[in-house]
Amino acid sequence: MSHSGRTRTAGVIGWPVEHSLSPRLHGHWLDRYGIDGAFVPFAVHPSRVGAAVAGLAGLGLVGASVTVPHKQAVIPFLDAIDPAAARIGAVNMLRVTAEGSVHGRNTDIDGFLVHLRQSAPQWRADHGAQVVIGAGGAARAVLVGLATAGATQLRLVNRTAERARFLAADLDLAAEVVDWTDRHDALGDAGLVVNTTTQGMVGQPPLDLDLGGLPSDAVVYDIVYTPEETPLLGAARARGLATVDGIGMLLHQARPQFHGWFGVDPVVDEALKRAVLGEPSG
Ligand code: ATR
């Protein structure tokens, strides 16, 4: 593929970076919209994160996606940071302005909420307890997203309760923390349950959570996207509950990034999903 002198270039920085799905995702959209653009994976060693951020502006890139382990590490090197990203303490999108300054944002919040509202339009942030399972990095964006959306009753359940208490305090959230042993009973008044742990991912055991006590109008969201339907989502579907999958969140978090870099608001559809998961589109 050849590029002109006007090519708009963005990339993803991570270490390692070869597992990132962002090149397939943004590459699919670049082809689809016929944009003179490129999206490149950059393996950035942790000792060179600052140089990499400065290098974006130096080379005239339009920005970058940020993946593990750099989502926190890039923050000191930014010229500006979106308030929600600052609260979460993680940035997954860098945008270089025309003047060459680098702005950080977290689009996981957008992906989480937009996909939730599309998949379960009946969901209301202030209807029932919003139960978040897990207290790692992924839980932070989910919790700030729910709080931003107007959740009035946040409940945190984590194997290590102490970590959940630390997280609630760190995010300055009035969240109830439930012990792991009481997790099944914490669902009786839930409007939403979100799994942010690694349980249910390919190679991991399913999340050990009995959905039997959930109200019939509750929504079950699993941010794990391999497999597309986790055992948790399968169990929810079998009970007739509304479900929201992780692959949709992944695709939707990329939308504001692509728009910010290339000026087109792209569609999330089945063809994109197949391109990202590496399956034939026909
Ligand atoms: P991420 O940043 O992707 O969220 P993480 O920080 O490693 O990843 O967090 C993983 C989450 O999965 C944590 O909430 C973790 O619980 P602990 O805080 O108790 O470690 C949870 N988790 C991992 N293995 C688990 C298991 N076997 N059972 C229950 N929760 C588990």
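Is serine 20 buried or exposed, and what is its relative accessible area?

Modeller: Serine 20 is buried, because its relative accessible area is 18%; buried means under 20%, exposed over 50% and partly exposed in between, with a 1.4 Å probe and protein chains only. The model is predicted, so local features need pLDDT of at least 70 and side-chain atom pairs count only at pLDDT 80 or more, while totals for chains, interfaces and linings use all residues. Residues are numbered from 1 along each chain as its sequence is written, and side-chain values use heavy atoms, with hydrogens and water left out.

Serine 20 sits in the loop between β1 and α1. Helices (H or I, at least four residues) and strands (E, at least two) are DSSP runs, numbered from the N terminus. A polar atom of the serine 20 side chain is 3.1 Å from the backbone nitrogen of serine 22. This is a polar contact, a pair of N or O atoms within 3.5 Å; within protein, one must be able to donate a hydrogen and the other to accept it, and residues adjacent in sequence count only if both atoms are side-chain atoms. Alanine 90 is 70 residues from serine 20 along the chain, and their C-alpha atoms are 17 Å apart.

Proline 227 belongs to the loop between β11 and α7.

Isoleucine 223 is in the loop between β11 and α7 (231–238) as well. Isoleucine 223 counts as buried because its relative accessibility is 15%. Apart from neighbours within four places in sequence, isoleucine 223 is in contact (heavy atoms within 4.5 Å) with Ala138, Val194, Asn195, Thr196, Gly246 and Met249.

By comparison, aspartate 172 lies in the loop between α6 and β9 (175–178) and is exposed, because its relative accessible area is 67%. Aspartate 172 has a positive phi of about 55 degrees, although it is not a glycine.

Next comes the core. The largest nonpolar core has 33 residues; such a core is a set of buried Ala, Val, Leu, Ile, Met, Phe, Trp, Tyr and Cys residues joined through side-chain atoms within 4.5 Å. Elements that each supply at least two residues include α4 (108–119), α5 (137–148) and β10 (190–195), and α5 gives the most, with six. Leu146 is among the residues with the most contacts inside this core. Beyond four places in sequence, leucine 146 touches Phe112, Trp123, Gln130, Val132, Ala151, Leu154 and Leu192.

A polar backbone atom of glycine 137 is 2.9 Å from a ligand oxygen. For the side chain of arginine 159, the distance from a polar atom to a ligand oxygen is 2.9 Å, and an N or O atom in the side chain of arginine 163 is 2.8 Å from one.
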